[in-house]
Every structure is written in C-alpha cells, then in structure tokens.
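Visitor: Can you walk me through this one? Please keep it quick.

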Amino acid sequence: MPLSDHQLNDLLARLPIGETARDYVRQTRAAPPSRAVTSVNRNNVITRYASHKMGNVVATQSGEELIYVALLEFDPSVLEYWDQPPEVSVQFCTKDGRLRRYPYTPDFMVIRDNAIQIVQVKTPEDCEKLVK
C-alpha cells in the first residue's frame, strides 16, 4: 500500500531533492493518471495490472511496460509506483546545436527507499531510433 503522508514526508526530507521535485511527487500521488494509455500502433499491448503493492490498477501500453511493472511490484526497494505522472519539460540539443524544450508525459514515477525516479520504458531498438 502507498506510504502515509508522514512516511512520505520523512522520505522526502532524507532525499537530496528540491521543493519543486517534492511538489511533483505530491502532485503525482494526489491526482489520477495525467492521461489514459492508448493504442498508438498495432504493436501496443494495453493492460490493466491489479497491483497489490499499490492497492489499485496500473495501466500499461506495451509488453515492456508490463514487464517493468512486474519488476516494480516485487522489488523490495520500490515503495510506490505511479503510472502516467504529470507532464514534465525535457530539454535537449537538436542536431544543429539549438536547445529545445519539449513537454513529455513519463510512463512512471517510482518511489524507492533511496530515490525518486521518473521513468520512460523503451526497448533498446526504440532508443536507438530516437537517438538517430
């Protein structure tokens, strides 16, 4: 089951993260997923995983995400994980050297006993394509 507010505040106080990150964690936990998972191509596998750890249903939109959720579910260092957290702004450098910002919805926010992670699940092949 998710952490109590007291447990979360104790964890956040121990982690070297700023107030903006703490607010993002609290916002993610307080709101429903920021978007519904949808089928974007014929290779998608949309699932609803009944999470014992989270006490609710977690949505995934690929086989890779479902495998990742199973790993999170049974990893003792994972305290909570939330699907489709709020949008974040990602900054990257274009091929011509210009900095660009891009709004992005991560697949998961993971709260571990020693870290907060924002996660995008991709196959190695998909990562290679995106880099090119």
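Guide: We'll take a helix, then the core, then a loop. This is a predicted model, where local features need pLDDT of at least 70, side-chain atom pairs count only at pLDDT 80 or more, and totals for chains, interfaces and linings use all residues. Residues are numbered from 1 along each chain as its sequence is written, and side-chain values use heavy atoms, with hydrogens and water left out.

Visitor: Which residues of α3 are buried?

Guide: E65, Y68, V69, L72 and E73. Buried means under 20% relative accessible area, exposed over 50%, and partly exposed in between (1.4 Å probe, protein chains only). Seen down the axis of α3, the buried residues fall within an arc of 140°, so they line one face of the helix. That arc is taken from the directions from the helix axis to the C-beta atoms.

Visitor: And what is exposed on the other side of α3?

Guide: I67, L71 and F74 are exposed there.

Visitor: What do the buried residues of α3 pack against?

Guide: Strands: β1 (47–51), β2 (56–60), β3 (78–83), β6 (108–112) and β7 (116–119). Helices (H or I, at least four residues) and strands (E, at least two) are DSSP runs, numbered from the N terminus. Contact means heavy atoms within 4.5 Å.

Visitor: How far apart are the end C-alpha atoms of helix α3?

Guide: They are 17 Å apart. At 1.5 Å a residue, the 12 residues (63–74) should span 16 Å, which agrees. The expected span is 1.5 Å times one less than the number of residues.

Visitor: Switching to the core. Which residues touch the most other members of the largest nonpolar core?

Guide: Y68, Y81, F108, V110 and I111, out of 22 residues. The largest share, four residues, comes from β6. A nonpolar core is a set of buried Ala, Val, Leu, Ile, Met, Phe, Trp, Tyr and Cys residues joined through side-chain atoms within 4.5 Å.

Visitor: What does V110 touch?

Guide: Leaving out residues up to four places away in sequence, V110 touches Y68, L72, V78, E80, Y81, A115, I116, Q117 and V119.

Visitor: New topic. Where is P106?

Guide: P106 sits in the loop between β5 (99–104) and β6. T105 is in that loop between β5 and β6 too.

Visitor: Is P106 buried or exposed?

Guide: P106 counts as buried, at 2% relative accessibility. T105 also counts as buried, at 17%.

Visitor: What is P106 in contact with?

Guide: Beyond its neighbours within four places in sequence, P106 contacts Y24, Q84, P85, P86, V88, I118, V119 and Q120. T105, with residues up to four places away not counted, touches S34, R35, Q84, P85, E87 and Q120.
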